[in-house]
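Grab a pencil and open the viewer.

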Amino acid sequence: MTITKTALLAGAATLLAGAAWADAHGCDLGEGNVRILGNEFGAIQAVVDRAMECTTSGDMSANLTTEHKELQVAALTADPAQYTVAIVANSSIVPLLNDDLIRPLDDLIAEYGQDLLPTQQISVGGQVMAIGFMANAQHLFYREDILEQAGLEVPTTWEEVIAAGQAIRDQGIMDHPYISNTMTGWNLGQEFNNMYLGLGGSFFEPGTAQVAINNETGVKALETLKALAELSNPDFLTYDSNATGAIWEAGDAALAMMWGSRGGGILDDEGSTEEVTSNTVLAAAPTVDGGSIPATTLWWDGFTIARNISDEDAAASFQAMVHGIQPEVMEGNEEAAVWLIEGYQPTPAAAGVAASAQGGAIPYPMLPYAGLLHTALGNELSDFMQGRESAEQALADVEAAYTTAAREQGFVN
Amino acid sequence: MSADVTSQRRSTGLVVVSSVLVLLWVVVASFPFLWTLWGSFKVESDFFSRTDWTNALNGTRTTIETGGPFTTNGYSGAWIDQDFWRNAMNTAIVVTSTVVISLTLGTLGGYALARSGFRYAFWLLMIALVFRAMPHITLVSGYLLPFFEWNLWGHLPTTIIVLVAINQPFTLWMLHSFFLQIPKDLDESAMVDGCNRFEAFWRVIVPVMWPGVITTGLFSFLLAYNDFTVTALLLSRENQTMVPRIVSFLGSTFEAGNVMFAVAAVVSITAPLFVLILFFQRQIVSGLTAGAVKG
Amino acid sequence: MPHRTFFWFILPSLVAMTLFIFVPIVSVVFQSLYVEHEQVVVVSENCGPFGCTEETTIDQDATRALREAEPLGRFAGLSVYTDRAHLAADEVGAIWAASTGLGDFVSRLMNLPFYRALIFTLSYVAIVTPLTIVLGLAIALGVNGLPKVFKGPTIFVSLLPMIVTPVVGALVLYWMMEQNGILGSALQAITGDPTLSLRASAPLTWITLYIYGVWSSAPFAFIVYYAGLQTVPQEPLEAAMVDGASRWERIRYVVIPHLAPLTVFIALIQLMDNFRVFEPIVSFNAGAVAPSLSYNIYNDLRGEITLFNSAAATSVLTILGVVILLTPVLLRTWRDFTTKGGH
């Protein structure tokens, strides 16, 4: 567990150093403007609140909204850009990279960011483009009591999950023991990504944007998803995070694949019974088909600095954000996220993400055209999931939909 | 005589049928709202219960979590902790301005279209109608870049003007239909008496146009009040109106929201509308009793 | 009315509509005719919190030159319209050749995103529009006949489905229809099928959406008709009464003809709004079985990478669809317009 180890070794020392640095320099930004765009997220709010402690004679504002992805490209294309900082994840940084809207941070790191960990620095082609501060992943949630009641071991592979679910159903404990975020669209596409990467598949022909998922691995991934869906409520194509969280809290499922960032809310005492919360365990995502890596994708959230702004604003924004993600931000927010910050100790709510990362799960690809495939998967797989077409036909439809979009976006000819 | 009796009997039948229908409709229309009102005083795991819907009636979980069968946590959470009143203020500004501006532009334009009689008036209406077919989300995506470029993005006036413009085809059509119902002789006789067109419009038409204008206003109001696409994408966080805020209470894929804040917000914002509609209902009728519509 | 007066009366409306609707539409039409310029990709090493991987990225220097040479992108003519995501000319041809009969053809057609959406959209328009008009008129007549005291509260309640913010209104209904929700449980009890789920089957989802559509737009028809009823001239009504016409006959021969222009108006607006049906699909998470054209646009714009030209093409097709749909109503309006002393 790299995060903890680094923390244990270096945590205390840097905490002191960090405090000293903050005292010595305060956080005065001079005249630069800081305007932050990001998702509305408790942990991001904490980081931004801390960044806003800095003083400047220029603007200091933040717009944290669930619509940030829809705004960011247009907002940063304007010259000067509406926002100096965009808080992104490994999927939402892609449109900014594609349109060349964010600036390399190497100079700024050399000047203001010596304390940043190398693992926080997200680089593309050798240039640091973003600074990460938290992680996320989908992973296994299970109910200890139910598994015990059914006489089952904790499953560590998807095959075992399917067998365990079947056993729970056969013993009449639950009709629909398994849930995951399988809503048509982004969620369903993401389910496929997790499984396909866990099977060792690659989405594209190496070095090109030619899609290559209509193969045995793709079929295998779909069949595994179908087997899981059969253990799920027939409504599964309408299940998003809000639905799965509520079902879990109501005690209506024993096995689930859900987001790590939802763990805290599920484990707290609100909305659920003691029976459910005390028996819920968060674990690494299972492996599949004898593979060695958890079948899930790893995500980071980090900040980027806009290109179309003055160097002065960029420096001020970078300093403010570095101040925002200093280890002190975690005080009182330990549960808010899986922090990628020095000194972070995983809480029980973070155990699943940490274990998945340690197991070597693959990060969500930052490919310029990955989002196109994700959209195509989300739209074209539901017919198969409902049993209306074959796996091969579904994958062929995905490839056709992707290729149409990729051609019009200039990625394939 | 016998014909009169039959007609009377048929009428009674009709009255019964129509009363039953109205009663049925009242139940269907109000039930989800009453259910929401009731549920807003429960916790999420009761109102949106997965285990048993009767939890929403008994408040099983509410009693466990808050100590009583009713709780006002949703209301205090939304209004006090989350500063929902700011969003309410923004909505008040956006909605009032949108309605006033829409109706001012719309009555002038609608009146002209109803009285013109030239073919281009018809074609203008047709084009306005086709304009309306454009999905809002495509329009708004197109606005983003120029608005950011010209520093218009995020401000209330920008959103107000966009809402007015988007709603203008509808307002024009609706008011045009209402003005067609007002006899031409009214304003024409005023013009014979020496008024110019605008004076005739102001003195004769304005006093009798209220039923139509108020109904149209009601729709402009609802458009601005319930709009999500435009307000979510064109307003910055500090200028956000209620609906995008309510949606953000619902949470996203990665972060759980607080659905009960949203429910409480919706209920508390519907209450003042009751008064508003009672008031305007009288206006709609008083337009009639002014008597001028009869010509 | 003289041209000059007309011009000044209409000018403010016209300016607003031109700037915020007409100009954007023109730009959307242009964008639907272009596709992005070619993207030059290179393989590079990307590193992050979870290690390094070899990935492709866009070669910005090489792509910039292409971008500057063709700022609008590559001209593509109508090819976006005929691609698989829209009219799918090639695919439809292939399906036609391969299909064994009309039923088979239609079911294969449903595999293409545009046709899948079009079929649901048209069925929604055809079912929801007439029901809304009839229900709205019936309520308006009913409310109009109520004693004065009841009118205010009844109007308020009748408007509730429209007033309650759609996103939350639909959410509440959606939960009520959940298998364990009050409506879902009631349905299971009525049908005697404990596994019945309104969300799992496509036909039931469609019906749910139709019902929601009528429920949420009937208030619109109602209030327009109700306002119209306030202006029904009294003399013909009184004359009809003297002639011994029943209440129903008075409605049939005096009231309904008087409301005809409003019916045209309601039909126009409803046809158009129903053709753009979108919000209930999102709120009911029904995108899998009941996508509409607007839902497809939303998908294109909301993906990680915005497909603006594809959304633009679907938008233009939506407008064309509305125009075709409205033609009969427009012809009627044109007739009315010319008979009412057009020049």
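**Exercise 1. Which residues of H10(A) are buried, and what do they pack against?**

Solution. 
Step 1: Find helix H10, residues 241-249 of chain A, in this predicted model. Nine of its nine residues are buried, so the helix is mostly covered.
Step 2: List them. The buried residues are A:Ser241, A:Asn242, A:Ala243, A:Thr244, A:Gly245, A:Ala246, A:Ile247, A:Trp248 and A:Glu249.
Step 3: Look at what surrounds them. Within chain A, the buried residues of H10(A) pack against S5, strand S6 (178-180), strand S7 (255-259), helix H11 (263-267) and helix H12 (274-279). Chain B joins in too, with helix H2 (44-47).
Step 4: Check what follows the helix. After H10(A) comes A:Gly251, with a positive phi near 80 degrees.

**Exercise 2. Which residues of S8(A) are on the covered face, and which are on the uncovered one?**

Solution. 
Step 1: Start with the general idea. Side chains in a regular strand alternate between the two faces of the sheet.
Step 2: Now sort the residues. A:Thr280 and A:Leu282 make up the covered face of S8(A), while A:Val281 and A:Ala283 make up the uncovered one.
Step 3: Find the partner. S8(A) pairs with strand S5 (residues 127-143) of chain A in the antiparallel sense, over four bridges.
Step 4: Zoom in on one spot along the pairing. Opposite A:Thr280 in S8(A) stands A:Arg143.

**Exercise 3. Two residues other than glycine have a positive phi: A:Asp289 and B:Asp83. Where does each one lie, and is each exposed or partly exposed?**

Solution. 
Step 1: Take A:Asp289, whose phi is near 55 degrees. This residue sits in the loop between strand S8 (280-283) and strand S9 (297-305) of chain A.
Step 2: Count its neighbours. A:Asp289 has 16 C-beta neighbours inside 10 Å, so this residue counts as partly exposed.
Step 3: Move to B:Asp83, where phi is also near 55 degrees. Its place is the loop between helix H5 (73-81) and H6 of chain B.
Step 4: Count again. B:Asp83 has 11 other C-beta atoms within 10 Å, and the cut-off for exposed is 12 or fewer, so B:Asp83 is exposed.

**Exercise 4. Where is the cis peptide bond that involves A:Pro80, and is A:Pro95 buried or exposed?**

Solution. 
Step 1: The cis bond joins A:Asp79 and A:Pro80, with omega about 0 degrees. A:Pro80 belongs to the loop between helix H3 (68-77) and strand S3 (85-89) of chain A.
Step 2: A:Pro95 is in helix H4 (residues 93-98) of chain A. With 20 other C-beta atoms within 10 Å, A:Pro95 is buried, because the cut-off is 20 or more.
Step 3: Setting aside neighbours within four places in sequence, A:Pro95 touches A:Val73, C:Glu304 and C:Ile305.
Step 4: Compare sequence with space. A:Pro95 and A:Tyr369 are 274 residues apart in sequence, but their C-alpha atoms are 9.2 Å apart.

**Exercise 5. What radius of gyration does chain A have, and what does chain B have?**

Solution. 
Step 1: Chain A has 413 residues and a radius of gyration of 22 Å, which agrees with the value near 22 Å for a compact globule. Its C-alpha trace spans about 65 × 55 × 30 Å along the principal axes.
Step 2: Chain B has 295 residues, for which a compact globule would give a value near 19 Å, but chain B has 24 Å. Its C-alpha atoms fill a box of roughly 75 × 70 × 30 Å.
Step 3: Chain A has 17 helices and eleven strands; chain B has 15 helices and zero strands.
Step 4: Buried residues make up 60% of chain A and 54% of chain B.

**Exercise 6. How many residues does each chain bring to the contact between chain B and chain C?**

Solution. 
Step 1: Chain B brings 91 residues and chain C brings 87 residues.
Step 2: On the side of chain B that touches chain C, H1(B) gives the most, with 20 residues.
Step 3: Sort that side of chain B by type: 58 residues are nonpolar, 24 polar and nine charged.

Key. Residues are numbered from 1 along each chain as its sequence is written. Chains are lettered from A and ligands numbered from 1 in the order in which they are written. Two residues are in contact if their C-beta atoms, placed from the backbone, lie within 7 Å. Helices (H or I, at least four residues) and strands (E, at least two) are DSSP runs, numbered from the N terminus. Ala, Val, Leu, Ile, Met, Phe, Trp, Tyr, Cys and Pro count as nonpolar, Asp, Glu, Lys and Arg as charged, and the others, Gly among them, as polar. Two strands pair if DSSP finds at least two bridges between them. The radius of gyration is taken over C-alpha atoms; the globule rule is 2.2 Å times the number of residues to the power 0.38.
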